[in-house]
Amino acid sequence: MTDPLLTAEHLANKERFRMWVDKYVVPLADAYDEQQSTPYDMIQRLSKDQLLGALVQDTYGGAGMDVLSWGLLCEEVGRGSASLLSLLTVHSMMIQTLSKWGTDDQKKKWLPDLAKGSKIGAFALTEPNIGSDARNMQSHAIANEDGSFTLHAEKKWISFGQSADVFLLFAKVGDQPAAFLVERGLPGFTIEPITGMMGFRSANLANLKLDGVRLPAGSVVGRPGFGFSHIAATALDQGRYSIAWGCVGLAQAALEASMNHAGSRIQFGRPIIEHQLIQHMVTDMIVNTKAARLLCLDAAALKLRGEPSLIMETSAAKYYASKVSVENTSNAVQIHGALGVSSENSVQRYFRDAKIMEIIEGSTQMQQIIIAKAGFQNHQMLQRERNSTT
């Protein structure tokens, strides 16, 4: 992969990440998928190799990794396991939110432990009856006179909810959305594992139930009313960025598996890669993966510059890359034939996981709404600028 944005350090990081994934993730990903859990040993491995705290500033003991290197890390982890990618995603959503909106006390309390990986963070927004329409969530918190809150909430499909030590959880205070830091183990807080999912089977998914959980003063991130416009927006943009890169990795994994198989599978006296219909599928996989990666690089460049159009470009990257991951993995299954739907081969896992990518961190349809609205606003702005100069 060549791009003027990638320095020698970025290329070295990418190679290091790829070697790490090939050594620690690829050999175990299918087994973890089958057992429907990621063991604590893998989380410890991420911590030991300083990957969980990659985005934390060195002031708090993190690696202070730049956003492009982070994207390359997500691509490689996504290539190995979409489920494990979800851990990096939700953990980084917590880190980025606290880094931008947390108080000094919140940063001092949580960021060093999140950097070391001694504490795992997760993101809790979705509810049993509320997905994309999060503004109508039913979870609510009551403010007490001493500055504490009493929380009643139910959250569903929480990635690594079985493993997390602290949750960035959203609830209403009156009619104002708010974000809370909720620690595991508080009285009234129960965590129920989820199994039997089509994809993300080893993402340690959980349902959360909070019945009158008392949160201490200082648990609110930002203030009530900022829950969606500021806090959730920061977290979701980070999540979409990480998932977009992970989708590129998943698409790349499907492509590599397909080319390996097509080069060795003999049908009608020759490798199937020599048949034009297979070449057609492989061509689409190559070009679409490259295009998705370029959109991710564009989003990374805007993040590095702090451009205001970032939200739309991150959504565009997530939208397209998730579609490509579905198309590539579907083609991979087709190219592998019966082997593609067998547990003997990883491509069936890629296919199942890819569909989840079109749903999490804002569904494909929600990204279409965001992109269309932002595109129309940009069009109107350009028209006004052109009219003012004529």
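Asparagine 204 is found in the loop that runs between strand S6 (189-193) and strand S7 (206-215). Helices and strands are DSSP runs numbered from the N terminus, with helices (H or I) of at least four residues and strands (E) of at least two. The model is predicted, and local features need pLDDT of at least 70, side-chain atom pairs count only at pLDDT 80 or more, and totals for chains, interfaces and linings use all residues. Residues are numbered from 1 along each chain as its sequence is written, and side-chain values use heavy atoms, with hydrogens and water left out.

Phi of asparagine 204 is near 50 degrees, a positive value in a residue other than glycine. Most residues other than glycine have a negative phi. Is asparagine 204 buried or exposed? Its relative accessible area is 5%, so asparagine 204 is buried; buried means under 20% relative accessible area, exposed over 50%, and partly exposed in between, with a 1.4 Å probe and protein chains only.

Glutamine 50 also has a positive phi, of about 60 degrees, although it is not a glycine. Glutamine 50 lies in the loop between helix H3 (40-48) and helix H4 (67-80). With 58% relative accessibility, glutamine 50 counts as exposed.

I turn to the aromatic residues. A search of the whole structure finds five aromatic pairs. Rings of Phe, Tyr and Trp (its six-membered ring) pair if their centres lie within 6.5 Å; planes under 30 degrees apart count as stacked, over 60 as edge-to-face and the rest as tilted. One of the pairs joins phenylalanine 123 and phenylalanine 170, edge-to-face, at 5.4 Å centre to centre and with 65 degrees between the planes. Which parts does this pair tie together? Phenylalanine 123 lies in strand S1 (residues 121-124) and phenylalanine 170 in strand S4 (residues 166-173), so the pair links parts that are 47 residues apart in sequence. Both phenylalanine 123 and phenylalanine 170 are buried.

Tyrosine 241 and tryptophan 245 form an edge-to-face pair, because their ring centres are 6.5 Å apart and their planes stand at 75 degrees. Both residues lie in helix H7 (residues 227-264), four residues apart, about one turn of the helix. Tyrosine 241 is buried, with a relative accessible area of 2%, and tryptophan 245 counts as buried at 0%.

A charge sits over a ring if NZ of Lys or CZ of Arg is within 6 Å of the ring centre and within 35 degrees of the ring normal. The charged end of lysine 156 likewise sits over the ring of tryptophan 157, 4.6 Å from its centre.

Asparagine 288 is buried, with a relative accessible area of 16%. What does asparagine 288 touch? Not counting residues up to four places away in sequence, it touches Tyr320, Val324, Glu327 and Asn328, where contact means heavy atoms within 4.5 Å.

To close, the protein as a whole. There are 11 helices and 10 strands. Of its 390 residues, 54% count as buried. Among contacts between residues at least 6 apart in sequence, 74% join residues at least 24 apart.
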